[in-house]
Amino acid sequence: MISRSLFAPVSGIAAFLLLALPAGAEKVHDRPKAVVELFTSQGCAQCPPADALLTSLAEEGDVIALAYHVDYWDYVGWEDTFGKADYSDRQRAYAKSWGSSRIYTPQMVVNGDKGVVGSRRNEVHGALDRATLPLSVDITRQDDMLKIAVPPNADFGNAVVWLVTYLDRADVAIDKGENAGKTMVYTQVVTGRQALGMWESATGADLKLPLPEMLAENTGMAVIVQQEKDGLPGPILGAAAFER
């Protein structure tokens with residue numbers, strides 16, 4: 001079971017930021033059927049339709065949508081303002097787990113085990129029509145903390161509990177690269193990702209997160225329970241999201 005003392009106490013600054021998080025102003029997504037991870041880039045001419053599709057998926061309510069901006073398009077002359085090598089490495093890890101060395105943008109990964117071209121609406125919705133998440137992840141707010149509970153389930157092996165923070169919207173004026181001259185609207189932009197601990201099939205997991213500290217510079221956070229094999233990402237078992 002995950003320790004309840006994963007984070008330091010909320011600082012004075014973070015406590016002040018709690019004033020911007022009044023109870024009742026937030027949204028909780030705790031019964032999704034899918035987590036959709038879009039690998040995209042501001043330097044990719046084929047990505048805007050996939051970026052728009054991800055926005056529409058996030059509005060459906062039963063999908064947790066996350067946009068990982070990769071950095072391997074930066075060579076065309078525009079450095080993605082949200083791009084990180086870690087996100088490119090995550091996409092490569094997915095490919096390797098499926099026995100492939102090929103990565104591309106835009107790509108959407110559904111529940112960690114199905115990759116499709118992110119701009120092909122029919123393929124994306126086809127994957128979502130078959131998607132389910134077997135584990136429930138319950139999020140409740142207690143003053144300045146979020147309580148997260150994931151019940152045990154002996155049908156699955158142990159998994160890692162991840163915290164992913166994101167921005168619900170960012171407007172970016174692009175000066176160079178394949179999208180030069182455009183002002184793009186990006187949503188569900190991943191800003192950080194960290195492992196919280198393990199979910200154990202026999203005991204489940206319970207933990208608390210300091211809400212102001214987690215959302216100080218973000219508008220949302222997702223808790224994702226995902227299996228791994230040989231250090232590579234596997235199926236996502238459960239997820240929930242909290243947005244202010």
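**Exercise 1. Which residues line the largest cavity?**

Work from the predicted model.

*Solution.* 
- Step 1: count the cavities. There is 1 cavity of 30 Å³ or more.
- Step 2: take its size. The largest cavity has a volume of about 30 Å³.
- Step 3: list the lining. Leu38, Thr40, Asp51, Leu54, Thr55, Ala67, His69, Tyr186 and Thr187 line the largest cavity.

**Exercise 2. Find the elements that give two or more residues to this lining. Then name the element that gives the most.**

*Solution.* 
- Step 1: strand S2 (34-40), helix H2 (48-58) and strand S3 (63-69) each give two or more residues to the lining of the largest cavity.
- Step 2: H2 gives the most, with 3 residues.

**Exercise 3. Sort the lining of the largest cavity by class.**

*Solution.* 
- Step 1: 4 residues of the lining are nonpolar and 4 are polar.

**Exercise 4. Where is Ser201 placed, and is Ser201 buried or exposed?**

*Solution.* 
- Step 1: locate the residue. Ser201 sits in the loop between strand S11 (189-199) and strand S12 (205-210).
- Step 2: recall the cut-off. Buried means under 20% relative accessible area.
- Step 3: apply the cut-off. Ser201 has 17% relative accessibility, so Ser201 counts as buried.

**Exercise 5. Describe what Ser201 touches and what its side chain reaches.**

*Solution.* 
- Step 1: leave out residues up to four places away in sequence. Ser201 then touches Pro152, Asn153, Ala154, Phe156, Gly157 and Asn158.
- Step 2: look at Phe156. The side chain of Ser201 reaches the backbone oxygen of Phe156 at 3.4 Å.

Technical notes
Residues are numbered from 1 along each chain as its sequence is written. This is a predicted model: local features need pLDDT of at least 70, side-chain atom pairs count only at pLDDT 80 or more; totals for chains, interfaces and linings use all residues. Side-chain values use heavy atoms; hydrogens and water are left out. Helices (H or I, at least four residues) and strands (E, at least two) are DSSP runs, numbered from the N terminus. Buried means under 20% relative accessible area, exposed over 50%, partly exposed in between (1.4 Å probe, protein chains only). A polar contact is a pair of N or O atoms within 3.5 Å; within protein, one must be able to donate a hydrogen and the other to accept it, and residues adjacent in sequence count only if both atoms are side-chain atoms. Contact means heavy atoms within 4.5 Å. On a 1 Å grid over the protein atoms alone, a cavity is a set of points where a 1.4 Å probe fits but cannot get out, and a pocket is an open set with protein on both sides within 12 Å along at least five of seven lines; lining residues have an atom within 4 Å of a point. Grid points are joined across faces, edges and corners, and a volume is the space filled by probe spheres set on the points. Ala, Val, Leu, Ile, Met, Phe, Trp, Tyr, Cys and Pro count as nonpolar, Asp, Glu, Lys and Arg as charged, and the others, Gly among them, as polar.
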